[in-house]
Amino acid sequence: QVQLVESGGGLVQPGGSLRLSCAASGSIFSINYMGWYRQAPGKQREAVATIGSSGSTNYADSVKGRFTISRDNAKNTVYLQMNSLKPEDTAVYYCNAEIYGRYGQRSNSWGQGTQVTVSS
């Protein structure tokens, strides 16, 4: 069984920064795709940033130039550096990963979510 645990959320003023972390643990052979999603109250969950096993990245237009996704394969961890935060970035942020187990089993796993609130 695989578990994703996020950390790093909190309350920050507009223009501030936060760094989210998501660590995967359990029966892991390899991790293919990793990504961050967010869901604001009354809205659908949306993709924020993704990173492939080779390091290729994609960003939502709304966060380009402000957010940076990275991963540490040795630690099975993905990060999201968020700068120049805006009130519209307020949401619960979720980590997602495509993970392969030692026997070839594939799972698409989600973290429990971490709240990010941008407010003065």
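This is a predicted model: local features need pLDDT of at least 70, side-chain atom pairs count only at pLDDT 80 or more; totals for chains, interfaces and linings use all residues.
Student: OK, so which strand does threonine 114 lie in?
Tutor: Threonine 114 lies in strand 11, which covers residues 114-118.

Student: Is threonine 114 buried or exposed?
Tutor: Buried, because its relative accessibility is 10% and the cut-off for buried is under 20%.

Student: What does the side chain of threonine 114 reach?
Tutor: The backbone nitrogen of glycine 9, at 3.3 Å. Glycine 9 also turns up among the contacts of threonine 114 beyond four places in sequence, along with Glu6, Leu20, Ala91, Val92 and Tyr93.

Student: Switching to threonine 50. Where is that one?
Tutor: Threonine 50 sits in strand 5, residues 46-51. With 15% relative accessibility, threonine 50 counts as buried.

Student: And which residues is threonine 50 in contact with, leaving aside neighbours within four places?
Tutor: Tyr33, Met34 and Gly35, then Ser56, Thr57 and Asn58, plus Ile69.

Student: New topic: aromatics. How many aromatic pairs does a search of the whole structure find?
Tutor: The search turns up 1 aromatic pair. Tyrosine 37 and tryptophan 110 have ring centres 5.0 Å apart and planes at 65°, so the pair is edge-to-face.

Student: Which parts of the chain does that pair link?
Tutor: Distant ones: tyrosine 37 is in strand 4 (residues 30-39) and tryptophan 110 is in strand 10, 73 residues apart.

Student: Which charged end sits over the ring of tryptophan 110?
Tutor: That of arginine 45, 4.7 Å from the ring centre. Elsewhere, arginine 19 lies over the face of tyrosine 79, at 4.0 Å from the ring centre.

Student: Back to strand 10. How many bridges join it to strand 9?
Tutor: There are 5 bridges between strand 9 (residues 91-100) and strand 10 (residues 106-110), and the two run antiparallel. As an example, glutamate 98 has asparagine 108 in strand 10 as its bridge partner.

Student: What about the hairpin of strand 9 and strand 10, which residue takes a positive phi there?
Tutor: Glycine 104 does, with phi near 85°. That hairpin has 5 residues between the strands.

Terms used:
Residues are numbered from 1 along each chain as its sequence is written. Side-chain values use heavy atoms; hydrogens and water are left out. Helices (H or I, at least four residues) and strands (E, at least two) are DSSP runs, numbered from the N terminus. Buried means under 20% relative accessible area, exposed over 50%, partly exposed in between (1.4 Å probe, protein chains only). Contact means heavy atoms within 4.5 Å. Two strands pair if DSSP finds at least two bridges between them. A polar contact is a pair of N or O atoms within 3.5 Å; within protein, one must be able to donate a hydrogen and the other to accept it, and residues adjacent in sequence count only if both atoms are side-chain atoms. Rings of Phe, Tyr and Trp (its six-membered ring) pair if their centres lie within 6.5 Å; planes under 30 degrees apart count as stacked, over 60 as edge-to-face and the rest as tilted. A charge sits over a ring if NZ of Lys or CZ of Arg is within 6 Å of the ring centre and within 35 degrees of the ring normal.
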